[in-house]
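Subject: Structure for your reading, with notes

Dear colleague,

Please find below the structure that I am handing over to you. My notes on it follow directly after.

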Amino acid sequence: GLLQLIVLAILARLITPEAFGVVSAALIVIHLSAIMSQLGMGTALVQRPVLEPRHIDTAFTASFLFDSTLGAIVWLSAPLAADFFHNSAGVESVLRALAWVFPIGGLSTVAQSLMKRELRFRQLANIDVISYGTGYGAVGVPLAIMGYGVWALVAAQMVQGTVKTAILLWWQRPRIRMPERRAFEELMYFGTGFTVAKIANQLAAQGDYLVVGRFLGPQELGYYGRAYTLMSSPANGFATVLDSVLFPVMAKVQTESFRLAAAFRRAIALLSLVFLPLSIAFVLLAPEVVQLLLGPRWTPVIAPFQVLGLGMTFRSTSKIADALARATGAVYRRAWRQILYAVLVVGGAWIGQRWGITAVAWAVLFAILVN
């Protein structure tokens, strides 16, 4: 998290808001497409009470095939996405470059899932830091200094994904086998419900970006994207870590309701203790935070950042409820809640865009509170 803040502060001074907006627009498509990647195979491996080699082999082959197909679809549909954002030249080329993250990521799905199931979080954390530091620190920042702009961000993203996959494949060498039908069906029962919920969740996560990029343009999207990133980075960093740990741990004791309830309450209390005071501090010190981290040309970020900062605690604690639902296999009940959340984000952002990005932030804050 600290490394991300340092890199963000550096890149914000080297790359224009419009360049950030072009990459953000392409990443919207990538993130929305990623909801279909692997079809929940990796998460199903973590959740299964009894895991056999046939499940692992089937998941590896199926994940790679799914992601390769998805990458090809994104590459071919890049012109349509670029037209949607009224930026055919920039978004199309960036999107076609980023489409390669799918087959690259599909190779590492099983290895990463098995490490989570075995609670090897120290190794996973080291891999994340090494890959991010290599991608953004060793590649992205130097390219930005050299004036590559948009392509500095694209190269950083690609190198980060490639390094992470290489390390994971070195740790867990896969066996290439034809998928077994029964194992595929067992994984897909959980995976389908998980994917439906993930579709709605990603639509909620990217819906406001989609509306801002479509109706207000790349520059406003660049401002809004930085405001949301400043709000979500601490919550994502802390809550995502807690979610990543709690999900496999809860899955191991998924039939023991008393232990699940105790873990849930403690996690909520811990997140509230951290993020309630942090949220208040961000709201009160938003001008200083933006000035320090982003620089003087990012002043329009302040108002939406203050609004979104009010929802930091609620956004983080909702991740714990998601972890509990996944661990107990209640993915279909989780799905309808995520669908409601997505409807509120997209609908609220569409209404709010008439008054600018601060109004969009208020609409998203309401959706976060309801969720």
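I begin with a pair of side chains: E186 and R182 meet in a salt bridge, with N and O 3.3 Å apart. The term salt bridge stands here for a side-chain nitrogen of Lys or Arg within 4 Å of a carboxyl oxygen of Asp or Glu. In general, side chains of opposite charge can pair when their charged atoms come close. E186 and R182 are four residues apart in helix α11, and therefore about one helical turn separates them. Helices are DSSP runs of H or I with at least four residues, numbered from the N terminus. R182 counts as exposed, because its relative accessibility is 56%, whereas E186, at 23%, counts as partly exposed. In these notes, buried means under 20% relative accessible area, exposed means over 50%, and partly exposed lies in between (1.4 Å probe, protein chains only). Salt bridges that share partners join R182 and E186 with R48, E52, R54 and E180 into one network.

Before going further, please note how the model was treated. It is a predicted model, in which local features need pLDDT of at least 70 and side-chain atom pairs count only at pLDDT 80 or more, while totals for chains, interfaces and linings use all residues. Residues are numbered from 1 along each chain as its sequence is written, and side-chain values use heavy atoms, with hydrogens and water left out.

Further salt bridges

How many salt bridges does a search of the whole structure find? The search finds 12. One of them links R54 and E180, whose closest N and O atoms are 3.2 Å apart. R54 lies in helix α4 (residues 53–76) and E180 in the loop between α10 (150–171) and α11 (181–215), so this pair ties together parts that are 126 residues apart in sequence. E180 is partly exposed, as its relative accessibility is 32%. Another salt bridge joins the side chains of E118 and R120, at 3.9 Å from N to O. E118 is partly exposed at 45% relative accessibility, and R120 is also partly exposed, at 26%.

A nonpolar patch on the surface

L2, I6, I10, L14 and I145 form a nonpolar patch on the surface, and together they have about 470 Å² of accessible area. Such a patch is made of residues with over 30% relative accessible area and no salt bridge, nonpolar side chains (Val, Leu, Ile, Met, Phe, Trp, Tyr) being joined within 5 Å. Accessible areas come from the Shrake-Rupley method with a 1.4 Å probe, and for residues only the protein chains shown count as cover. Helix α1 (residues 2–14) gives the largest share of the patch, four residues. I145 lies in helix α9 (residues 121–145) and counts as exposed because its relative accessibility is 60%.

The cavity and a pocket

The search of the whole structure finds one cavity of 30 Å³ or more. The largest cavity has a volume of about 40 Å³. Of the 10 residues that line it, G21, A25, F85, P218 and L221 are the closest to its centre. On a 1 Å grid over the protein atoms alone, a cavity is a set of points where a 1.4 Å probe fits but cannot get out, and a pocket is an open set with protein on both sides within 12 Å along at least five of seven lines; lining residues have an atom within 4 Å of a point. Grid points are joined across faces, edges and corners, and a volume is the space filled by probe spheres set on the points. The largest share of the cavity lining, three residues, comes from α2.

The second largest pocket holds about 150 Å³ of space. Its lining includes S318, D322, W336 and Y341. α16 (312–327) and α17 (331–352) are the elements that give two or more residues to this lining, and α17 supplies the largest share, five residues.

D128 is placed in helix α9. D128 and Q160 are 32 residues apart in sequence, and their C-alpha atoms are 8.6 Å apart in space. A251 is found in helix α12 and counts as buried because its relative accessibility is 7%. The C-alpha atoms of A251 and P49 are separated by 7.5 Å, although these residues are 202 residues apart along the chain.

With kind regards

Key:
Patches are made of residues with over 30% relative accessible area and no salt bridge: like charges are joined within 9 Å, nonpolar side chains (Val, Leu, Ile, Met, Phe, Trp, Tyr) within 5 Å.
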